[in-house]
Amino acid sequence: MATGHEAATSAPNAGEYVLHHLGNLNSSGHPQTSMVDFSIINYDTVFFSSVLGVIGLFLLWRVARVATSGVPGRAQAALEILIEMVGNQAKAIVHNEQSRKFVAPLALTVFVWVFLMNSMDFLPVDLLPFLWQTLTGNPHAYLRVVPTADLNGTLGLSVGVLLLCFFYNIKIKGLGGWIHELFTAPFGNHPLLYLPNFVMQLIEFTAKTVSHGMRLFGNMYAGELLFLLIALMGMAFPSMSPFGGSLLWLGHLVTGTLWALFHIFIVVLQAFIFMMLTLVYLGQAHESH
Amino acid sequence: MYLNATLLAQITVFIILALFTMKYVWPPIVKALDERAAKISEGLAEAERGRQSLALAAKHSAETMREGKEKVADMIAQAEKRADQIIEEAKVQARIEAEKVVAAAKSEIEQEAARMRESLRGRVADLAVAGAEKILRREVDAKAHAEMLAAIKQDL
């Protein structure tokens, strides 16, 4: 009992630990309380996503800069495989040569970037927050290292895709053509159907964008949460009897390993799904009903 | 589950990164890929052309070989024919030559014979005269009988 009490005073309890880890380092200094507040910005999400994006694209640029049409090096061959994969998907989904010049690189960016942001989950959950707390001297400093486990991060991407959908809708069909489509599709061209059509289109765009962002967010958020719970399991071991404690320690080891391995799959899959949906939505913007 | 201005920052970063990829990452690789594809197809076409020209050359050389053989066979046949002809001509020439020699020999023999006959004739006439002298011994006047003797000589 005495040891348990000691642990509780020196370390936060489970609920506090998890909540603290889910708090962003933002401009207000404490976790956001209202659902939507555009006066606040999450420094950690912006920092990590920008740094990862820059690092990822820098690596790609290093390879692309010295690309040769002769025998490619390993890095170039790997990048070529990636680009061919994305390029073929783009070709199959977006039937517009001109648009693909931007859409295909965009899809590559999405894939690489989302993959890197998701991969931040592989770092031990307490590593960067601990370093940050040591660096700032504030043991309660907030830091979240997975930008895609922040709804702002993923919805930022999906809203970006939505804006591009609007752009291509207007570019391909013309502003008039697109507005016409908004009121005449999907049910048909009839004055009585104008309103249902428009409502349907609004729902469609909203659902697409929200599900696009939420899917990635949900996966990464759940992954992060599970890593936190696994970490809690390992942290609890000093407070238990030696036998129970070692079981928990073993449990941390086994579940942590398994979840990390499984998470590798999720990280790549979610990055791929996000890229594919980006292409699909942009492809739909090119098709008239 | 809290939305804030991070969303806007994320959109901006997203667009900037995508534009960077479009400008600096995608084109060089795609260009390299296209160029390599062109090189490969060019190489394949070149190989195909090479194979065709090789087949053509083989056909051509076989043709030349056959023509050469024909020519040689022709030449040999012609040479044989010519040799036969030459031999034939030589034979004819030899026969003519031999005939000539034979004819010359004959005429010489005839001439010799004629000369001999002439000289024999003279001798016979002398012998006849001598004989007649002996027979007649005494009164043969060479002058008076010269005419008769000449006529005898002529008859011999």
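Visitor: Leaving aside neighbours within four places in sequence, which residues is A:Asn118 in contact with?
Guide: Once those sequence neighbours are set aside, A:Asn118 touches A:Thr148, A:Leu216, A:Met220, A:Val267, A:Gln270 and A:Ala271. Please keep in mind as we go that this is a predicted model.

Visitor: OK, and which helix is A:Asn118 found in?
Guide: A:Asn118 belongs to helix H5 of chain A, which covers residues 97–119.

Visitor: Is A:Asn118 buried or exposed?
Guide: A:Asn118 has a relative accessibility of 0%, and therefore counts as buried.

Visitor: Let's switch to helices. At what angle do the axes of H2 and H8 of chain A cross?
Guide: The axis of helix H2 (residues 14–21) and that of helix H8 (residues 194–235), both in chain A, cross at roughly 145 degrees and come within 10 Å. The crossing of H2(A) and H8(A) is right-handed.

Visitor: Which residues make that contact?
Guide: From H2(A) the contact takes A:Ala14, A:Tyr17, A:Val18 and A:His21, while H8(A) brings in A:Leu225, A:Leu228, A:Leu229, A:Ala231, A:Leu232 and A:Met235. Sorted by kind, the residues of this contact between H2(A) and H8(A) are 9 nonpolar and 1 polar, with no charged ones.

Visitor: What about aromatics, how many pairs over all chains?
Guide: There are 13 aromatic pairs in the structure, counted over all chains. One of them joins A:Phe166 and A:Trp178, whose ring centres are 5.4 Å apart and whose planes are 45 degrees apart, an arrangement classed as tilted.

Visitor: Why does A:Phe166 count as partly exposed?
Guide: A:Phe166 counts as partly exposed because its relative accessibility is 26%, and the range for that class begins where buried, under 20%, ends. A:Trp178, with a relative accessible area of 11%, is buried.

Visitor: Which residues do ring pairs link into a cluster?
Guide: Ring pairs link A:Phe227, A:Trp259, A:Phe262 and A:Phe265 in this way. Of these, A:Phe265 lies in helix H9 of chain A, residues 242–285, and at 48% relative accessibility A:Phe265 counts as partly exposed.

Visitor: And how far is A:Phe265 from A:Asn152?
Guide: Their C-alpha atoms are separated by 23 Å, with A:Phe265 and A:Asn152 lying 113 residues apart along the chain.

Visitor: Last one: what sits over the ring of A:Trp61?
Guide: That is the charged end of A:Arg65, which sits 4.9 Å from the centre of the A:Trp61 ring.

Technical notes:
Residues numbered from 1 in each chain as written. Chains lettered and ligands numbered in written order. Predicted model: local features only at pLDDT ≥ 70, side-chain atom pairs only at ≥ 80, totals over all residues. Heavy atoms only, no water. Axes fitted to C-alpha atoms, helices over the stretch in contact; angles between N-to-C directions. Helix = DSSP H or I, 4+ residues; strand = E, 2+ residues; numbered from the N terminus. Left-handed = near helix turned anticlockwise from the far one by under 90°. Contact = heavy atoms within 4.5 Å. Nonpolar A, V, L, I, M, F, W, Y, C, P; charged D, E, K, R; others polar. Phe/Tyr/Trp six-rings, centres within 6.5 Å; stacked < 30°, edge-to-face > 60°. Buried < 20%, exposed > 50% of the residue type's maximum accessible area, 1.4 Å probe, protein only. Lys NZ or Arg CZ within 6 Å of the ring centre and 35° of its normal.
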